[in-house]
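Here is a short briefing on one protein model. Look at the structure first, then read the points below.

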Amino acid sequence: MRAITVRDREAGISGLTLEDLPHPHAAENDVIVRVHAAGFTRGELDWPATWTDRAGRDRTPSVPGHEVSGVVTELGYGTTGLTVGQRVFGLTDWTRDGSLAEYVAVEARNLAPLPADIDHTVAAALPISGLTAWQGLFDHARLTTGQTVLIHGAAGGVGSIAVQLAHEAGARVVGTGRSADRDTVLDLGGHAFLDLENDRLEDAGQVDVVFDVIGGDILDRSASLVRAGGTLVTIVMPPKVQPKDGRAVFFVVEPDRARLTDLAARLRDGRLKPVVGTVLPLAEAPAAFAPGKRTPGRTIIRVREADGRQLQ
């Protein structure tokens, strides 16, 4: 099968290569998914799990990409809950080969059924962004109706989903980003917007929840905006500055089949819309990792046509 691989950590994105790899093996409780579309995170080449397995052993050549949408072609021993021929979407395992390939082996518990009327390209933009947004807002920050949430990077993959979920939950949503993001954030359900390049962050006032996807100085300065009893949540790094009378939480997204199923239902109902930007074939995936390459919405890699034909 064809796959995007990395072998040399020092080479960075220049080490991303399209090559032929053996067909993946379905271990116990795995499924093999024929990939139709895949999502990735540009920072993956800096993650230790991209280069080593759970025991810390080198696992190169490794395949990046941790969001997948496709069709089950094979079940491993003991696998239940999914069937051959079923459309699925979800997260691939952090320390195993990922989704930028024609086939991928995934733990079945990390996948959820994908309704027939949801396009694979849209589904591939949902797992990490959707689960991260939900877990950050509701599992960790415990956001409730009537509260105010400040969402940094509100037009990005995670932020745009968080804006929609928080709005539907009845919270007041203040989004941040660049000036060009204003209309996008307000259209998604934001009540107010701060341009981080021209507005004062402190003008957001006191909020119940800060959801951060930026880190650095923005994360540090956000701690003072959290009112008593509130929560600062970030996915970037453990916060160095704590809210005076609140909590600070750093977390890494976890697989959740039931939540993926719920997110898919929201998408079908029109209550949730992942922002999909550029769609590229597998051969062009290395160029999409370029740092500083900023495009509206999530970049998705399309591996197969809607009818299942392999893209060249």
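What covers the buried residues of H6? The cover includes strand E5 (87-91), strand E7 (111-113), helix H1 (120-123), helix H2 (127-140) and helix H3 (157-168). Helices (H or I, at least four residues) and strands (E, at least two) are DSSP runs, numbered from the N terminus. This is a predicted model: local features need pLDDT of at least 70, side-chain atom pairs count only at pLDDT 80 or more, and totals for chains, interfaces and linings use all residues. Residues are numbered from 1 along each chain as its sequence is written, and side-chain values use heavy atoms, with hydrogens and water left out.

**Helix H6**
- H6 spans residues 257-268, 12 residues in total.
- Its buried residues (under 20% relative accessible area, 1.4 Å probe, protein chains only) are Leu260, Leu263, Ala264, Arg266 and Leu267.
- Seen down the axis of H6, these buried residues fall within an arc of 160° (taken from the directions from the helix axis to the C-beta atoms), so they line one face of the helix.
- An α-helix has 3.6 residues a turn, so residues three or four places apart point the same way.

**Val88**
- Val88 is found in strand E5.
- Val88 counts as buried because its relative accessibility is 1%.
- The C-alpha atoms of Val88 and Pro113 are separated by 4.5 Å, yet the two residues are 25 residues apart along the chain.
- Beyond its neighbours within four places in sequence, Val88 is in contact (heavy atoms within 4.5 Å) with residues including Val33, Val68, Leu111 and Pro113.

Conventions:
The expected span of a helix is 1.5 Å times one less than its number of residues. Buried means under 20% relative accessible area, exposed over 50%, partly exposed in between (1.4 Å probe, protein chains only).
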